[in-house]
Amino acid sequence: MTVADRSLRFTPPRGSPAWWSRHWLRIVAVTAVLVLLAGTHYPKLVIGTPGDGPDKLLHFLAFGIVTALIRLSGIASSALMAAILVGMLAVFDEFTQEIPGLGRSFDPLDLVADAAGILVALAWIAALGPDRRGPDWFRTSQVRRQAALVLLLAKPANWLHLAIATSLGAMIGGVFLGVAGRNPIVGPVTMVVVGASAGGIAGLVACLESGRRFSLARIDESKRCLSCLEPEAVPRCGACGGGYEAASDRRIPSRRIALVATAWIIASAAVLLGGYLLIMPASSVRNWLGAAVRHYDAFGLGFEMMVDATLLGLVGAFVVHRSRRRLSRIADRYGLECLRCGHDLQGTPGGAGARCPECGEAFERDSAAEDVAARSQSEEHEGR
Ligand SMILES: [Zn+2]
Ligand SMILES: [Zn+2]
């Protein structure tokens with residue numbers, strides 16, 4: 001079993017950095033649920049004026065965050081389990097708002113926003129989760145990326161850095177959209193919430209990404225086990241039976257990765273835009289579609305913005321998922337096609353020091369590449 005074959009279900013040995021990472025994730029997940037329950041039951045809380053209520057967006061965000069934490073911390077052992085657990089929480093949350101004296105009320109549209117948040121969070125986890133596709137070197141590089149994030153979350157000080165970066169991003173984004181985003185349609189409170197959530201996510205991702213690089217250096221420096229992250233795991237980890245694996249010199253150049261992702265983004269944006277242009281003019285039409293659009297408009301701007309956020313979230317997860325699939329297929333063709341430019345290398349001799357005649361990228365043709373070539377050729381013959 002290679003390092004890349006170890007799954008997300010792996011239980012780290014007690015006291016290892018991977019165990020601590022999960023421990024902190026669980027504490028943050030439970031805290032998030034408590035904060036959520038306190039927020040939704042705070043007596044007579046009204047956010048924004050009528051017509052400027054970001055409450056659907058807040059429901060969407062809060063349940064998305066709670067779902068992500070519940071799933072990543074392993075409290076829910078699968079995506080389905082996470083959906084059931086957080087779904088039950090949403091129903092409980094909405095029904096207990098009926099308690100007399102709280103001045104809060106049951107709103108079925110809140111439940112729709114909660115479900116949308118759960119769905120988007122699970123879609124992103126599925127899109128970014130472990131993937132068994134692609135050759136060993138490709139999967140190892142993904143396992144190393146994930147191990148670096150786990151190591152990052154093992155230290156409380158790093159959680160503090162992430163919290164600071166998220167809050168700073170939220171403050172900058174909120175102030176920016178609250179001031180520069182003034183417009184007659186969307187109210188200022190909603191604009192601040194939109195800016196704060198976008199800024200917060202940007203701050204969090206930037207901090208995670210820079211921390212991940214630092215963690216990867218720490219993993220290489222002390223040859224940490226990629227499963228439980230204990231140091232000196234060479235040749236095998238004494239604590240869990242996993243092991244350390246160094247980075248491969250094979251990698252897909254970032255320019256190619258950006259090209260693949262951009263192609264998927266443009267394609268998805270075109271489909272979304274086309275859909276909007278088809279549906280938008282229908283609101284004045286006297287048929288079932290027009291009636292449906294008018295019915296939807298009656299839900300209000302807050303709800304519509306939540307639906308937009310859901311669509312954007314799902315399309316984003318889809319783009320990430322498709323791009324990763326495409327990259328694993330590119331990795332599979334290593335030695336047959338150039339990783340940098342995609343040039344067909346099958347006519348080029350693949351000995352030591354071989355380079356792509358198009359762009360000069362070094363490559364090496366091993367037996368795995370020969371197998372892939374033989375397989376695709378026999379498939380072509382069968383197809384005819
Ligand atoms: Zn280990
Ligand atoms: Zn090339």
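**Entry 1, ground rules.** Residues count from 1 along each chain as its sequence is written, and side-chain values use heavy atoms, with hydrogens and water left out. Since I work on a predicted model, local features need pLDDT of at least 70 and side-chain atom pairs pLDDT 80 or more, while totals for chains, interfaces and linings use all residues.

A pocket here is an open set of points on a 1 Å grid where a 1.4 Å probe fits, with protein on both sides within 12 Å along at least five of seven lines; lining residues have an atom within 4 Å of a point.

I found 16 lining residues, with Tyr276, Ile279, Met280, Tyr296 and Asp308 nearest the centre. Which helix gives the most to this lining? Helix 10 does, with six residues. Helix 10 spans 301-332. Helices are DSSP runs (H or I) of at least four residues.

I noted seven pairs. Ring centres must lie within 6.5 Å; planes under 30 degrees apart are stacked, over 60 edge-to-face, the rest tilted. Trp137 and Phe138 pair edge-to-face, at 6.1 Å and 85°. Trp137 also pairs edge-to-face with Tyr334, at 5.8 Å and 65°. That pair joins helix 5 to the loop between helix 10 and helix 11, 197 residues apart.

Is Tyr334 buried or exposed? Tyr334 counts as buried, because its relative accessibility is 9% (the cut-off is under 20%, by a 1.4 Å probe on protein chains only).

Key. Chains lettered and ligands numbered in written order. Helix = DSSP H or I, 4+ residues; strand = E, 2+ residues; numbered from the N terminus. Phe/Tyr/Trp six-rings, centres within 6.5 Å; stacked < 30°, edge-to-face > 60°. Buried < 20%, exposed > 50% of the residue type's maximum accessible area, 1.4 Å probe, protein only.
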